[in-house]
Structures are given as C-alpha cells and as structure tokens.
Amino acid sequence: MNKIVVEGLKYKYPLSDTLALDDLSFQVKEGEFIGIIGKNSAGKSTLCQALVGLVPHFYKGAYGGKVFIDGLEVKNQTIADISLKVGMVFQNPFTQVTGSKMTVYEEIAFGLENIGIPRSEMIARIDYVLDLLKIEQVKDQNPFDLSGGQMQRMAIASIIAMKPDILVLDEPTSQLDPAGSEEVFQAIQSLSKQGITIILAEHKMEKVALYCHRVLLLDDGKMVDINTPGKIFSRGDLEQHGVAAPVYTRVCKELGVRKAGTSEFPVTLAEAESVLRGRKI
Amino acid sequence: MKSISLYVDKESFIHDFDPITKLLYILFALFLPLILLSFTVSFISVGVSIVLLMAAGVIRKTIPVFSFVFLVLITVVIIQGLFRPENETILFQIGPLAMYKEGLLYALTITLRVMNIVSAFLILVLTTKPSDLVETLVRKGMSPRIGYVIVSVFQIIPEMMASMSTITDAQRARGMETEGKLSVRMKAFLPLLGPVILGALINTKERALALEVRGFNSHVPKTYLYEEKTHALSKWVQAILLLLLVGAGVWRIFG
Amino acid sequence: MIKVSDLSFSYRKGTPVLSGINLELDQRSTAIIGQNGAGKTTFVKLLKGLLKADEGDIFVNNHHVKETTAAELAKTIGLVFQNPNDQMFKRTVLDEVMFGPLNIKMDKQQAKENALMAIRMVDLQGKLDINPHDLSLSEKKLLCIAAIVAMDPDIIILDEPTIAQDHAGKEKIKQIIKALKDKNKLVMTIIHDMDFVAENFERTIVFNEGKVLLDGDTRQVFSQKDMLKKAHVEPPGITQLAEMLGIQETILTVEEFIHRNKEAARD
Ligand SMILES: Nc1ncnc2c1ncn2[C@@H]1O[C@H](COP(=O)(O)OP(=O)(O)OP(=O)(O)O)[C@@H](O)[C@H]1O
Ligand SMILES: Nc1ncnc2c1ncn2[C@@H]1O[C@H](COP(=O)(O)OP(=O)(O)OP(=O)(O)O)[C@@H](O)[C@H]1O
Ligand SMILES: [Mg+2]
Ligand SMILES: [Mg+2]
C-alpha cells in the first residue's frame with residue numbers, strides 16, 4: 001500500500017525567485033526506508049518539511065502539485081493533524097528544544113502530553129527512548145545544558161516516543177559519535193521493519209547505502225532518480241550532481257570491479273569485501 | 001539555565017498543597033480584611049501568612065521581598081503622616097514637621113493590606129513551581145497556548161541571560177574585552193541588546209516549528225506527565241476558606 | 001604551542017566533566033575524537049579561556065590562560081563554535097567576518113582584505129550583505145570558519161566543522177585546513193567523521209569520559225580497534241575494508257588503498 005504519494009510537487013519559498021522543489025513525483029510504500037541525498041541546497045530539507053505540512057502551512061509561499069499521506073492531501077490538513085501521523089526531526093539539533101520544560105525527561109514528555117498519551121504509557125515510552133538513544137544519564141539535566149550530540153539524541157528520542165506512522169529525519173546523526181550513529185540507524189531500521197515508513201535526508205552515503213531500501217537523488221529541487229542504493233551509487237553522473245558515492249563504491253569504481261553478474265558497483269563494506277576478497281592486494 | 005521563579009525546592013506540608021488552594025488563600029487574605037474592614041483581621045491575616053511561610057521553611061527568602069516592600073511603605077507612612085489632607089491630631093513634632101495621627105493610621109492600614117497581600121502571594125510563589133501552577137490552570141481549562149506563553153515568560157529572563165552570555169562568549173572569543181572593570185563591562189553591555197533581541201525573535205520562529213511537530217496545536221485532549229497535585233486536606237481547606245469568606249460577607253451585610 | 005597540565009573541570013559540583021588532563025600540542029594538525037558528552041567541547045572552551053579550570057594550568061603560546069582574558073587570547077587562538085547560532089551576532093555576513101579582525105586592532109583596510117579573502121575561501125562572496133541567520137546550516141558553519149580565519153590566529157580550533165556539509169563543502173574545509181597548515185598554524189578539530197580525520201590530520205587524540213584515552217599518530221591510533229570501540233569511535237571505512245581483506249598495515253585513504261593495489265598487481 002502506498003503510504004506517501006507525491007504528484008508534481010512544486011514549491012517556492014516566499015521572497016525567493018527560484019523553485020526549491022521542482023515537479024517531484026514519487027510514491028513510498030508502508031514500511032519503506034527512503035534516503036534523500038543531494039548536495040547542499042538541493043531541496044532535501046524542503047522536501048522533508050513538505051511531507052509534514054510545514055511546507056506550505058508554516059512557510060506559506062507558492063505551492064503546486066499534491067502530497068498525500070495515507071490518502072489525505074497535506075494541503076487540506078492542519079499541521080496538528082499531520083503531526084499525529086508524521087514525526088519530524090530537524091537538521092539543527094540546537095533549535096528543537098521547546099523551551100518550556102526544565103529537564104530532558106519532561107522535554108520528551110511534551111509531545112506525548114500534547115497527543116494525549118495516558119500517563120503510564122507515557123512513562124514507559126520515555127524510559128524506552130531514553131534507553132534507545134542512550135541518554136538516561138542526562139535525563140534530569142536541563143535540555144539546554146547538553147552536549148551537541150546529547151541534544152541531537154534528545155531530539156530523535158522526543159519524536160520516536162510519539163510513535164508516528166511516518167518518521168521524517170533530516171540529517172539526524174550529524175553530531176553523533178560513530179557508535180551512536182550506527183545505533184540510531186539500526187534503531188530506525190528496526191522501526192521500518194515494524195512497518196513504520198522512514199524518510200531520511202543524509203550526507204553519510206555509507207549509511208544510506210547500507211540501510212535504505214531506495215534512494216531519492218535531488219539536484220536543484222529536481223528529482224534526478226529514485227532507485228536502489230546499488231543503482232543510484234553506480235551512476236556515472238553522481239559527481240555532476242554534487243554527490244560522492246560511499247567510499248566502498250569509490251574504491252571499486254577505481255579498481256573497475258563490479259558486483260558479480262550485474263553492472264552495479266558494491267555499495268557497502270560487506271559487498272566490497274566480497275568482491276575484493278581473493279584479489280591480490 | 002535556571003528559571004527566574006523564586007520557588008524554593010523543599011519539602012513541607014505547604015509545598016504539598018495544590019496551587020488552587022494557595023490561589024484561594026490569596027483571595028481569602030485579600031478579601032477578608034476588605035469585607036470586614038477590620039484592622040485586627042488584617043493583622044491576624046498577616047500573622048497567619050507569616051506562620052505558614054515559616055512552616056514551609058521559606059521565611060528567609062521573604063526577607064529581600066519584605067525589605068523592598070518596607071522601603072516603599074516607609075515613604076508612604078512619612079508622606080501620609082505629614083501631608084494627608086484629613087490630618088488634624090498632631091502626634092509629635094520634629095522641627096517644623098508635624099506627624100499627624102489620621103495620616104499615620106491611614107498609612108498603617110495601607111501597610112497592613114500590602115503586607116497581607118504580599119505575604120499571601122509569597123506563599124504561592126515560594127512554594128509552587130511556576131510550571132505546576134500553569135499546568136494546574138491548564139487542567140482547569142485554561143488554553144495550553146496561554147499556558148505555554150506564561151511558562152515561557154517565566155523563562156524569558158533566564159533565557160535572555162543565557163543568550164547574553166552566549167553572545168558575550170562569541171564576542172570575547174573574537175577579541176572584544178568584556179571582563180574586568182565596570183566601565184569595560186558597561187561598554188560591552190549596550191551592543192549586546194540588539195543581538196539578544198534579534199536572537200530571541202529568531203528563536204521564537206524556530207521554536208514554533210519545534211512545537212508544531214510535537215503536536216502542540218493538536219486537538220486531542222491533553223494528558224500530563226505528572227499526576228495532579230492534591231492534598232488530602234485540600235477540599236477541606238478550600239471549603240473552610242470559602243465558608244469564612246461567605247460568612248464574613250453575610251455578617252457584613254446583615255450584621 | 002599549547003601545554004595543558006592536570007586540567008580538571010566540572011559544570012556542577014560532584015560531576016566531573018574533565019579530570020587530570022595532560023597534553024602538549026605542537027604544530028601537527030590534530031583531530032580530537034570521542035563519544036558524545038566525553039568533554040571535547042568543554043576542553044576547547046577551556047583552552048580558549050571561555051571556561052575557567054577548576055584545577056590545573058593551561059599555557060597557550062606562553063600566555064597563562066588563567067591570568068589572561070579571553071579577549072587577550074583571541075589574537076593567538078581562535079575557536080569555531082559547534083553551534084553556529086552561538087557564534088553569529090552581526091547583521092551581515094561581511095560585518096560578522098570583520099568583527100574579529102577589527103577587535104584585535106587590525107587596521108580597517110587589512111581587516112577588510114582578510115575578511116574578503118576568508119569569505120572567498122568558503123565561497124560566500126555572493127552573500128556579503130545577507131543576514132547570517134538567513135543562511136542555511138551548512139553556510140552558517142562555513143561563515144563561522146571564515147570569521148575566525150580572517151583573524152589570522154596562530155592556533156585555530158574547529159568544533160565539528162563538517163556538520164551539514166556536502167562533498168564540496170567538506171572539500172572546501174579540507175583546503176582551508178591545508179592552507180592554514182602551510183602557514184604553520186596549529187589546526188585542531190573536534191570531529192565525528194573518521195574518514196575526514198584520516199585524510200586530514202597527522203595526530204589524533206581520543207577523549208573518553210573526560211580523560212585522554214589515546215593520543216598519537218593518526219595511523220597508529222586507527223590501528224587500535226578495541227580502544228577505539230571503548231571510546232565509541234571506529235576506524236574509517238576504508239581502513240575497515242583493508243583490514244577485512246587481510247592487509248596488515250593500517251590503510252587510511254582511498255588513494256593509499258588503490259596505490260597498494262596497483263603495486264600488488266604489478267608484482
Ligand atoms: N526559509 C527559507 N526561505 C527561503 N529560501 C529557503 C528557505 N529554506 C531554504 N531555502 C532555499 O531553498 C533551497 C533548498 O534548501 P534546502 O534547505 O531544502 O536544501 P538542503 O538540500 O536541505 O540543503 P542542506 O544539505 O544544506 O541541508 C535552497 O536554495 C535554499 O536557499
Ligand atoms: N552548560 C552545561 N551545564 C552543565 N553540564 C553541561 C553543560 N555543557 C555540557 N555539559 C555536560 O558536560 C559533558 C561534556 O559536554 P561537552 O559538550 O564537552 O561534550 P562533547 O564531547 O563536546 O560532546 P559532543 O560530541 O556531543 O559535542 C556532557 O555530559 C554534558 O551533558
Ligand atoms: Mg537541509
Ligand atoms: Mg561538542
């Protein structure tokens with residue numbers, strides 16, 4: 001079943017004279033894990049915000065085309081209604097604190113209070129996400145007194161706790177240590193396996209290649225392609241679009257080794273290892 | 001970052017009472033002397049409040065507040081005692097200045113009333129977390145948006161202070177002298193105001209986004225992380241306060 | 001250039017954030033890596049004099065940090081903040097970058113020259129009159145780098161410069177680091193991007209729970225997998241691949257990998 005349908009989506013920010021999103025069309029199935037890649041200013045964040053209705057409801061601006069979430073058109077809904085279904089983690093972790101709560105624990109509760117989660121469940125969910133994002137040790141700290149990475153973890157925890165059907169994440173691990181980043185991707189993957197649809201904008205291509213089912217490549221607001229990581233990262237024109245393939249792909253391209261029986265290059269560590277194993281190095 | 005509230009985090013039976021009861025107590029302390037128009041009642045009421053403040057273990061925190069209030073009131077006493085138009089009976093004389101009984105009594109009444117209100121308010125303010133107070137009001141039907149604004153207002157000063165120290169850090173990190181002599185600090189202070197205010201405005205916009213995706217405007221009935229604070233005796237205390245008030249009103253009208 | 005002895009610090013009594021740090025930093029470009037909350041940002045704020053140590057001493061180019069104001073240190077040591085919003089407060093991109101140079105008493109002409117050059121390095125010359133807050137996150141980060149580079153200090157510390165950067169952005173930062181190194185400056189960077197560490201830094205220091213866990217040549221540090229794991233970091237992707245393929249030495253970059261491969265093919 002299609003969870004998200006985007007048809008000819010066009011969008012221009014107010015006071016801007018270029019299209020930030022230019023005629024995008026694609027569909028996403030329930031439980032799919034989609035990566036959005038593209039150079040800076042390609043439109044990744046704008047697309048993310050179009051899926052939660054901040055574009056156009058919050059920013060206004062010129063909007064064309066249609067976005068459907070579960071068959072309901074975003075343009076005709078309020079952000080409040082959409083927020084019950086679609087959760088979003090923003091790019092900048094420092095600006096996602098509500099400013100009305102004194103502790104990390106209460107900060108995570110904020111969203112749950114608003115969507116009417118009963119207390120016992122609320123507490124269970126908070127404890128779960130504190131553990132998932134490894135921030136129990138700072139739960140009583142003021143949200144503003146966290147390290148950058150801890151703040152980003154709190155932002156992710158706050159949204160995951162709300163258990164949205166669709167999770168939109170805009171570079172959610174930019175400040176995380178490598179282990180934390182890996183844990184977050186695994187957590188997101190397991191959510192996707194439970195049927196939650198994931199949309200993730202990301203510059204960490206190795207992670208996109210490893211975890212995403214499909215990858216949407218944006219350039220200048222236009223969709224260049226949406227396909228499997230193998231297909232996308234094997235494209236010859238990636239660099240023209242300002243994207244560098246995962247390091248594993250780059251090595252294999254350089255060495256001219258493809259995955260057995262395909263025209264694709266390896267995109268993950270395991271794939272690269274299997275094609276390079278046995279070669280004399 | 002700290003909150004500006006004067007709240008003192010302690011354990012006492014006064015702290016355990018819910019904000020509504022404390023609000024009701026303020027009304028009680030405010031209106032009872034007005035209804036009864038009695039000097040003695042005001043006096044007793046102030047006394048009760050002070051006893052309660054002591055019981056809550058927060059009496060020391062009241063000293064700065066009371067000192068400030070006294071400072072203001074002393075001027076009232078002097079001015080009224082010396083210059084009130086109804087002044088007739090001279091109490092005593094210092095040089096050319098005569099202190100009159102009428103003015104002094106009037107000033108004393110005002111002083112007592114103000115003390116009365118201030119001490120009743122202090123019970124609420126010193127023993128209740130602002131967020132608890134707002135949460136209680138939201139539960140009683142106040143709009144969560146207004147609640148959010150009130151809580152944010154409590155945060156504005158500490159937030160401005162935090163933002164000021166962030167910007168100061170940004171400035172001294174790039175060679176602007178902000179430490180040391182008063183004159184240096186004063187010189188550094190004024191150029192801060194612009195960025196602090198601009199920063200606050202930008203924060204507001206970004207925060208609005210954060211609130212939106214956290215379901216802030218959702219129409220689902222809200223739930224609460226913390227159980228509503230109630231005290232076993234709350235209902236009784238509230239009932240007694242109300243009865244006394246009504247009783248006083250009745251006595252005033254028919255008595 | 002920097003000497004740190006027995007440095008300890010806590011924000012609140014009873015929860016030490018840094019304890020007993022001893023380090024000497026020389027001209028080698030240095031990466032600081034480690035777990036979230038390990039104390040990296042706190043450490044560089046102490047070097048910069050923005051926080052005051054509870055115990056221990058820091059000397060920066062012979063300035064005793066304890067006895068010097070942050071402003072006096074600014075000529076010598078520059079810090080690009082982790083959160084760009086915390087660093088920017090002027091109305092336009094150009095003013096923002098000129099603020100530092102003017103404050104350290106550079107003459108106006110020179111300040112403007114430096115500022116424009118730094119802005120060109122980060123490719124923001126088309127946005128001189130824009131309000132910094134209207135830039136995108138990646139541009140804000142670049143602007144903050146330019147604002148420090150323009151001051152031309154001997155020591156430059158970058159706190160997670162590559163956040164939100166695409167390939168081209170990282171390349172720009174790489175060039176800047178290289179240019180600074182060529183001018184014999186100490187470049188120190190806190191960063192979670194291991195590939196970037198391997199490609200750009202001679203020395204790597206691993207922080208863990210407020211202490212220095214590892215310190216040495218980047219190659220040597222990345223060969224200690226178990227220690228890295230303890231600090232919640234990992235060797236770069238290419239290093240992991242080489243190791244899985246049974247290569248004995250520690251490979252740090254794609255070029256090295258390819259080079260070795262070609263050598264092997266020739267034999
Ligand atoms: N609030 C805004 N007002 C006006 N223009 C905007 C706004 N936000 C983004 N833009 C513009 O829209 C375009 C797309 O920006 P967007 O932030 O979606 O890119 P991105 O792919 O997320 O980039 P990055 O990798 O830097 O996060 C850019 O040209 C940008 O300048
Ligand atoms: N202003 C503050 N008040 C109290 N505690 C703080 C404050 N700032 C940071 N901390 C705490 O100090 C510890 C170290 O923080 P620091 O910012 O130095 O970490 P970091 O190594 O830079 O982490 P990251 O990689 O996430 O940026 C963290 O546990 C953090 O919660
Ligand atoms: Mg973006
Ligand atoms: Mg940090």
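Leaving aside neighbours within four places in sequence, which residues is B:Thr111 in contact with? Point 3 gives the reply. The model is predicted, and the notes below go chain by chain.

1. **Chain B, its elements.** Chain B holds nine helices and two strands. Read along the sequence, the pattern is α-α-α-α-β-β-α-α-α-α-α. The radius of gyration of chain B is 24 Å, well over the 18 Å that the globule rule gives for 255 residues, so chain B is more spread out than a compact globule. The C-alpha trace of chain B spans about 70 × 55 × 30 Å along its principal axes.

2. **Chain B, inside and surface.** Of the 255 residues of chain B, 40% count as buried. Chain B exposes about 14400 Å². Carbon and sulfur atoms supply 73% of that area. Now take the contacts in chain B with a separation of 6 or more: residues 24 or more positions apart account for 72% of them. As for charge, chain B has 24 positive and 17 negative side chains. The centres of these two sets lie 2 Å apart.

3. **B:Thr111.** This residue brings us back to the opening question. B:Thr111 lies in helix H5 of chain B, which covers residues 101–127. Is B:Thr111 buried or exposed? Its relative accessibility is 12%, so B:Thr111 counts as buried, given that buried means under 20%. With neighbours within four places in sequence left aside, B:Thr111 is in contact with B:Leu73 and B:Val77.

4. The size of an interface is often given as the accessible area lost when the parts come together. Between chain B and chain C, the buried area is about 1700 Å². Carbon and sulfur atoms give 60% of it. Which three residues supply 40% of the area that chain B buries against chain C? They are B:Arg172, B:Ala173 and B:Arg174, and they supply more than any other three residues. By contacts, 16 residues of chain B touch 24 residues of chain C.

5. **Chain C, its elements.** Chain C has 11 helices and 10 strands. A compact globule with 267 residues would have a radius of gyration near 18 Å; chain C has 19 Å, which agrees. Along its principal axes, the C-alpha trace of chain C spans about 60 × 45 × 30 Å.

6. **Chain C, inside and surface.** How many of the 267 residues of chain C count as buried? The share is 60%. The accessible surface of chain C comes to about 11000 Å². Carbon and sulfur atoms account for 46% of that surface. Among contacts in chain C with a separation of 6 or more, 62% come from residues 24 or more positions apart. Chain C carries 35 positive and 39 negative side chains. The centres of the two sets lie 3 Å apart.

7. **C:Asp226.** C:Asp226 sits in helix H9 of chain C, residues 225–230. Its relative accessible area is 66%, so C:Asp226 is exposed; the cut-off for exposed is over 50%. C:Asp226 and C:Asn36 are 190 residues apart along the chain. Their C-alpha atoms are separated by 18 Å.

8. **Backbone points to check.** Most residues other than glycine have a negative phi, and most peptide bonds are trans.

   - *A:Pro56.* The peptide bond from A:Val55 to A:Pro56 is cis, with omega near 5°. A:Pro56 lies in helix H2 of chain A, residues 54–57.
   - *A:Asp220.* A:Asp220 is not a glycine, yet its phi is positive, about 55°. Where is A:Asp220 placed in chain A? It is in the loop between strand S9 (214–219) and strand S10 (222–227). With 54% relative accessibility, A:Asp220 counts as exposed.
   - *C:Asp6.* C:Asp6, a residue other than glycine, has a positive phi near 50°. C:Asp6 belongs to strand S1 of chain C, residues 2–12. With a relative accessible area of 48%, C:Asp6 is partly exposed.

Conventions
Residues numbered from 1 in each chain as written. Chains lettered and ligands numbered in written order. Predicted model: local features only at pLDDT ≥ 70, side-chain atom pairs only at ≥ 80, totals over all residues. Heavy atoms only, no water. Helix = DSSP H or I, 4+ residues; strand = E, 2+ residues; numbered from the N terminus. Rg over C-alpha atoms; globule rule 2.2 N^0.38 Å. Buried < 20%, exposed > 50% of the residue type's maximum accessible area, 1.4 Å probe, protein only. Contact = heavy atoms within 4.5 Å. Areas by Shrake-Rupley, 256 points an atom, 1.4 Å probe, with all protein chains shown as cover. Lys, Arg positive; Asp, Glu negative; His and termini not counted. Charge placed at Lys NZ, Arg CZ, Asp CG, Glu CD. Buried area = accessible area lost by both parts, 1.4 Å probe.
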